[in-house]
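Take a look at the structure below. We will go through it piece by piece.

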Amino acid sequence: MFDKKTVIAIGCDHAGFAMKKYLVDKLSTEGYEFKDFGTFSDESVDYPDFAHEVAGAVATGTYKIGILVCGSGNGVSMTANKHRGVRCALCWNEELAGLARQHNDANIMSLPGRFISCELAEKMVKRFLDTPFEGGRHQRRVDKIDL
């Protein structure tokens with residue numbers, strides 16, 4: 001569970017730019033803070049460049065939690081999960097966002113910017129941030145993820 005004092009690392013490609021901007025603008029007014037790793041426009045870019053920045057910052061512990069957005073959510077998720085210690089979950093509804101935290105201790109969520117509404121993304125982010133890791137039997141499983 002993360003409070004509003006936790007700075008959220010966030011990044012996207014061109015397909016996720018509008019959603020990222022919406023999330024930062026909307027959630028900042030509610031007191032959430034962000035470190036925006038870009039991109040900063042809807043001009044075509046390569047999603048790994050931004051996913052590696054966010055995932056690297058989470059992997060080193062500079063930031064505890066991150067959000068990535070691309071067209072499908074898949075590319076940024078695949079890229080982020082190459083970083084040791086990163087558990088990036090592709091989420092497309094509120095229940096999956098909560099379960100990613102509760103059962104998998106996900107520290108980054110990826111969102112499919114072309115397939116969900118900004119309003120749904122906002123609800124999902126709040127669920128992700130508000131859900132604590134359950135631990136217990138799930139900890140044993142999480143401990144087996146990294147090679």
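T6 counts as buried because its relative accessibility is 15%, where buried means under 20% relative accessible area, exposed over 50% and partly exposed in between, with a 1.4 Å probe and protein chains only. T6 lies in the segment before strand 1. Leaving aside residues up to four places away in sequence, T6 touches E33, K64 and I65. Such a contact means heavy atoms within 4.5 Å.

This is a predicted model, in which local features need pLDDT of at least 70, side-chain atom pairs count only at pLDDT 80 or more, and totals for chains, interfaces and linings use all residues. Residues are numbered from 1 along each chain as its sequence is written, and side-chain values use heavy atoms, with hydrogens and water left out.

Move on to strand 1, residues 7-12. Strands (E, at least two residues) and helices (H or I, at least four) are DSSP runs, numbered from the N terminus. Strand 1 is mostly covered, with 5 of its 6 residues buried. Two strands pair if DSSP finds at least two bridges between them. In strand 2, D36 stands opposite I10.

Now the helices. Helix 1 (residues 17-28) passes helix 5 (residues 118-130) with axes that come within 10 Å and cross at roughly 60°. Helix 1 contributes A18, M19, Y22, L23, K26 and L27 to the contact, and helix 5 contributes C118, E119, A121, E122, V125 and K126. The residues of this contact divide into 8 nonpolar, no polar and 4 charged. Ala, Val, Leu, Ile, Met, Phe, Trp, Tyr, Cys and Pro count as nonpolar, Asp, Glu, Lys and Arg as charged, and the others, Gly among them, as polar.

Note on methods: Axes fitted to C-alpha atoms, helices over the stretch in contact; angles between N-to-C directions.
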